[in-house]
Amino acid sequence: MTTATMGTAGTGLALPVALPVRANRTVRYMRETAVLVGRSLRAVPRVPERLSDVTIQPVMFTFLFLYVFGSAIHIPGMRYQDYLLPGLIGQSLAFGVIGAGVATATDFATGVTDRFRSLPVTRLSVITAQVLGQMIEQVLGMAIVIGIGLALGWRPDLTGAKSLELVGLIALGLCAFTWFGVLMGMLVRSSDAMQGLGFAVMLPLSFLAGTFVPISGMKEVPRVIGEWDPLSTLVAAVRQVCQGTSSTGSWPLEHPVVAMVGWCILVTAVCVPLALRRYRRVSAA
Amino acid sequence: MPSSVPAVAAERLTKRFGSFTAVDSFDFLVPRGHIVALLGPNGAGKTTVVRMLATLTEPTSGSARVCGHDVVREADAVRQAISLTGQFAALEPNLTARENLVLMARLRGYTKAGALRTADTLVDRYDIGEFRDKLVKSISGGQRRRVDLAASLVVQPELVVLDEPTTGLDPRSRQVVWSTVHELVGQGVTVLLTTQYLEEADELADQIVFIDHGRGVARGTPAQLRAQIGDHRVDVVATDPAGFESLVHTLAPVFPVTLVPEKRTLSVPAPRETLDLAAVTQVVTASGVPVAEIALRRPTLDDAFLALTGTQTNVQDNALEVLA
Ligand SMILES: Nc1ncnc2c1ncn2[C@@H]1O[C@H](COP(=O)(O)OP(=O)(O)OP(=O)(O)O)[C@@H](O)[C@H]1O
Ligand SMILES: [Mg+2]
């Protein structure tokens with residue numbers, strides 16, 4: 001493939017000819033991933049719904065609970081800001097499923113995934129980029145939540161080591177939930193369905209998870225669900241690291257950090273291979 | 001790549017979705033440097049064939065080699081050799097037209113600067129300038145198609161696959177596509193396109209393959225296909241549906257008529273040309289049924305299409321259908 005000359009009828013403009021020389025697989029993989037992450041991030045500010053999912057929505061929750069419902073909620077021994085903010089961080093982590101799922105489903109529905117799959121691009125890079133792009137988007141959302149929280153008087157009790165622990169937990173949670181979302185997006189394939197399903201499942205689970213009010217005060221049925229809700233583990237773990245509070249009710253709540261790490265590793269270990277397999281096989285109809 | 005290796009060679013290519021067979025033992029050969037049209041009605045299996053050739057979906061059975069590479073075992077090499085423009089524009093809606101082109105060029109391996117240059121060349125070539133910096137989600141369907149076509153031509157591949165490239169395009173955009181196809185072939189690129197437009201297949205392709213219900217029902221050059229469906233014929237066009245029915249009663253017992261009810265047309269084979277025209281005219285005149293037109297015609301690809309894809313059946317079935 002070295003021919004470089006060609007006349008073009010009519011316009012006199014030449015189509016580019018030879019395929020550029022390709023680097024080795026690893027370099028290609030990293031390069032393609034970077035290009036694709038760039039594409040995802042460029043799109044974020046241009047989709048109002050996506051932008052609001054990571055900005056307006058958490059801000060709204062913060063204000064709503066801090067100033068509207070918060071006045072009626074009393075947590076013994078702590079200010080409501082300090083109770084609420086770790087909960088919101090946990091909730092944002094979990095909501096990453098929806099964002100990742102919707103983005104993935106949209107790519108399938110618009111045929112963009114197919115186009116990428118028809119190119120000589122390592123397929124792993126397409127899915128890696130999807131996950132990385134989503135994680136970056138979620139980090140942006142989380143930074144906003146944390147920023148607002150601090151501005152409104154949240155005072156986390158973080159030493160150096162605890163900060164690292166928090167960052168580690170958040171990274172692990174983001175990774176697990178984003179992969180889960182990507183897998184769900186590939187299974188559902190319609191972005192509207194993904195959005196609807198995501199909220200229908202995640203919203204109640206996040207309300208039962210002790211995000212806004214303690215699980216121990218709930219009626220029996222929601223309490224039991226809350227005690228075993230995986231999202232409760234996230235919330236309790238972040239709260240324990242940030243404020244040093246402990247929780248009771250079930251084994252995962254008594255050992256939230258260990259339980260959260262366990263959950264995240266489990267979810268990642270299940271979702272990554274399934275998502276990769278699915279990606280290799282599926283094709284938008 | 002030696003030119004003796006065909007651009008596409010598929011043998012008994014089959015795709016099932018559950019128990020439904022979308023493509024059924026399809027044999028397909030696309031010689032290098034040619035334009036081959038895959039022609040068929042909705043649901044014929046065109047897109048499914050294209051997707052198998054473009055490595056987007058694996059055949060259930062049978063095999064296909066694209067530019068000498070097996071579509072399953074050497075999928076990477078196939079992707080390197082081809083470029084696909086799918087039936088529906090597949091662009092990132094939240095990037096501008098130009099950003100989409102740059103993205104495709106980057107993914108094909110260009111440097112940033114090279115990708116920008118390539119994108120600008122394509123913008124000029126495909127008349128994209130006007131909406132170059134608009135988000136793809138806010139440009140029209142036809143404009144999107146043009147960007148889509150350009151996006152698949154950031155490099156010059158060995159085989160260009162176009163799935164219904166002109167569906168929904170205005171005459172000007174269609175002309176852009178047609179001239180692109182001619183140009184590509186002029187540069188030695190092989191083009192495989194699917195279409196439902198006979199006119200398009202006739203105009204562009206030097207080989208046509210009819211596909212229906214997943215099966216190849218006929219293949220050949222446009223001229224061969226015309227020959228295959230016979231000679232001249234006499235078309236009698238009725239003025240209204242009632243007249244059409246009367247004509248069926250009048251002509252069907254006398255001539256081997258073929259019916260196209262939606263055009264109120266009866267066709268009679270006319271191997272003896274004007275003699276047959278006279279004979280048909282005589283019978284029609286004698287019956288006193290008013291007609292809009294009686295004409296001697298050369299077979300068109302339309303006839304081939306209708307005859308070969310089974311949309312049109314022979315006189316007995318059709319007469320029943322019409323009378324019912
Ligand atoms: N993923 C799928 N699952 C089930 N059936 C499918 C799938 N894809 C295609 N089919 C079926 O296979 C048949 C062939 O579809 P295909 O899209 O190849 O047709 P086509 O010739 O491209 O039609 P059109 O001109 O409408 O684009 C159709 O009956 C379609 O319903
Ligand atoms: Mg199709």
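**Notes on the predicted model**

1. Where pLDDT is low, the predicted coordinates should not be read in detail. The whole structure is a predicted model.

2. Confidence across chain A should be considered next. The mean pLDDT of chain A is 85, and 91% of its residues score at least 70. Which elements of chain A have the lowest and the highest mean pLDDT? The lowest value, 74, belongs to helix α2 (residues 48–54) of chain A, and the highest, 93, to helix α7 (residues 160–188) of chain A.

3. The interface between the two chains may be described by its contacts and its area. In the model, 40 residues of chain A are in contact with 45 residues of chain B. The size of an interface is often given as the accessible area lost when the parts come together. Between chain A and chain B, the buried area is about 3,800 Å², and carbon and sulfur atoms give 57% of that area.

4. Charged and polar pairs also occur at this interface. Six salt bridges are found across the interface of chain A and chain B. A salt bridge joins the side chains of A:Arg42 and B:Glu99, with an N to O distance of 3.0 Å. Across the interface of chain A and chain B there are also 13 residue pairs in polar contact, with both residues at pLDDT 80 or more.

5. The greatest contribution comes from α1(A), with eight residues. By class, the side of chain A that touches chain B has 21 nonpolar, 12 charged and seven polar residues.

6. Chain B contains 12 helices and 14 strands. Of the 324 residues in chain B, 53% are buried. Among contacts in chain B with a separation of 6 or more, 68% are between residues 24 or more positions apart.

7. B:Thr14 lies in strand β1 (residues 8–17) of chain B. Why does B:Thr14 count as buried? B:Thr14 counts as buried because its relative accessibility is 3%, and the cut-off for buried is under 20%. Beyond its neighbours within four places in sequence, B:Thr14 is in contact with several residues, among them B:Thr21, B:Val23, B:Met52 and B:Pro59.

Technical notes:
Residues numbered from 1 in each chain as written. Chains lettered and ligands numbered in written order. Heavy atoms only, no water. Helix = DSSP H or I, 4+ residues; strand = E, 2+ residues; numbered from the N terminus. Buried < 20%, exposed > 50% of the residue type's maximum accessible area, 1.4 Å probe, protein only. Contact = heavy atoms within 4.5 Å. pLDDT = per-residue confidence, 0-100. Buried area = accessible area lost by both parts, 1.4 Å probe. Salt bridge = Lys/Arg side-chain N within 4 Å of Asp/Glu carboxyl O. Polar contact = N/O pair within 3.5 Å; in protein donor to acceptor, adjacent residues only side chain to side chain. Nonpolar A, V, L, I, M, F, W, Y, C, P; charged D, E, K, R; others polar.
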